[in-house]
Amino acid sequence: MLCQNCKKQEATTHIKRVINGETTEKHLCTDCAKKQGYDYDGFFDDFSLSIPNIFSGFFSDTPLALAGLRQDRCATCGSSFDEIIRTGMVGCADCYERFYDRLLPSIQRIHGRAKHAGRIPYTVVDDKPKAAADEKPQAEPTTEEKIATLQAEMQKAIEAQNFEQAAVLRDNIKALKGEA
Amino acid sequence: MKRYETPTSNGDIVLSTRVRLARNLKDYPFPARLGVEDREAVNNLVKDALLTDENRDSFDYIPMQTLTPVQAVSLAEKHLISPEFASDSAGRALILAKDEDVSIMLNEEDHVRIQVIYPGLALEDAYARAEAFDKALEQKAAIAFDERLGYLTQCPTNLGTGLRASVMLHLPALAQGGTMRRLSSTIAKLGLTIRGALGDGTRAVGDIFQLSNQVTLGISETAAIQNLNAIALQIIAQEKNARAALLKDDVFIDRIWRAYGILKSAHMLSCSEMTDLVSLVRLGAAEGILDIPLETLNRLLVEMQPATINVAEGRRCTAAERDVIRAKAVKDALA
């Protein structure tokens, strides 16, 4: 048999792929096989059923996949929902937000009705306690904390030889101490 | 010393433990929608985040274009990279520990795939090591994450923790008894999967199986690891019982000695024949019938694969040439 690609040399590499039940065969000579990336002693033949193809099977019968929602695109990466279904691959992190409702049925088919229960990256963790920490002192500083803050401010004012402001702060501290 | 050369916990049944974390950078589209230039920007960012002055000497940073296809396939044979990663080098890079126990694929299916491979059963240790890299990465880079869906991955099957943990098990006695099919359906109900680790997927060559978690969303890393560890220990106990029963049978003990005889005398050995024979001999060695270190046999299973022999020889050998080289190396190893 001659190579299907160059039609000159004897075909030595025979590739049979079964993708979603469809069988395709390729017969190539050593040189053409090499050019087309089959230079692996048949090593990759076993992997021809690629993961995206398997995954797109999860999407294929979602009713929403068939609905006329094909023109929307993710503003960040430009992927449409249609493309995500076809390739089984989500375009970028923002696609998950953009197409959340439409992806959810497929995600639930894989994972069940689950919500993330694992680790959270520092960047996400850090934002939250910081926001909480910002609110807390404003809400409920104790008298002692107020005095400590004012004393620190007074010390700064003295160091800066801003005695008028230091005097005001001193009076405020006295008033607070009277309260306590 | 490479990972498959060290003796370790449950080493008579567990060949190795692998933990993988899938991560993506928030500010770049996922790899399939990323050009070579952006992929390289991702590679450099991750490299700078993970390789520090303290650890740089124990890792190699390998742009995949710098490898020949055979070298790349050899890495896949050793399970250090995926076959898919070996098949296309554009804009991809690998951070590989010199002792091959950490392998970080850049721009595979996700921007970052942190993998730790330890010998024996060592799920907690392997996860702790992977987590340390994960923490180093997130200190330096914004990670794609959603509170409901967890770590965001290109393929939704990895959403949540992005954690895939697996143990490679040598189960000749369970396979011999024909219990694998039943075991596999029980395991599926527990959110795990078991399948042949070597060969073409039609049968488990060498009776070597890979047990791994399937579900990644709605379960914490610790729970997933503990769950997998518990099931692995149960399978190990079952295999031990099955071995004890099997080794009362002289016919089976004869098969082990005959396998040993072929390995010691053959002039040519194909990879699958050698793997099946080494499997029997490994069982004999683990059960004290043959006096051969398990590490020697583990090493043969890894190093006698086709592309790995080609790399060692420094040329593309024909299959027949490799079978001769393999038979000689096996003979030498068992001498």
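This is a predicted model: local features need pLDDT of at least 70, side-chain atom pairs count only at pLDDT 80 or more; totals for chains, interfaces and linings use all residues.
Residues are numbered from 1 along each chain as its sequence is written, chains are lettered from A and ligands numbered from 1 in the order in which they are written, and side-chain values use heavy atoms, with hydrogens and water left out.

Entry on the domains of chain B. I found chain B divided into domain 1 (3–243) and domain 2 (250–334), with bounds that come from an automatic or database domain assignment. Their centres, taken over C-alpha atoms, are 26 Å apart. I noted 24 residues of domain 1 in contact with 24 residues of domain 2, contact meaning heavy atoms within 4.5 Å. The two domains bury about 2,100 Å² between them, 61% of it on carbon and sulfur atoms; buried area is the accessible area (1.4 Å probe) that two parts lose on being put together, summed over both.

Entry on the two chains. I then turned to chain A, where 39 residues are in contact with 49 residues of chain B. The area buried between these chains is about 3,900 Å², and carbon and sulfur atoms give 62% of that area. B:Arg33, B:Arg148 and B:Pro156 supply 17% of what chain B buries against chain A, more than any other three residues. The rule finds 5 salt bridges across the interface of chain B and chain A, and I looked at the one in which the side chains of A:Arg119 and B:Asp134 meet at 2.5 Å, N to O.

Entry on one loop residue. I located B:Asn55 in the loop between helix H1 (36–50) and strand E2 (59–63) of chain B; helices (H or I, at least four residues) and strands (E, at least two) are DSSP runs, numbered from the N terminus. Is B:Asn55 buried or exposed? I recorded B:Asn55 as buried, because its relative accessible area is 17% and buried means under 20% (1.4 Å probe, protein chains only). Its side chain reaches the backbone oxygen of B:Leu50 at 3.0 Å, and a polar atom of that side chain lies 2.8 Å from the backbone nitrogen of B:Thr52.

Technical notes. A salt bridge is a side-chain nitrogen of Lys or Arg within 4 Å of a carboxyl oxygen of Asp or Glu. Buried means under 20% relative accessible area, exposed over 50%, partly exposed in between (1.4 Å probe, protein chains only). A polar contact is a pair of N or O atoms within 3.5 Å; within protein, one must be able to donate a hydrogen and the other to accept it, and residues adjacent in sequence count only if both atoms are side-chain atoms.
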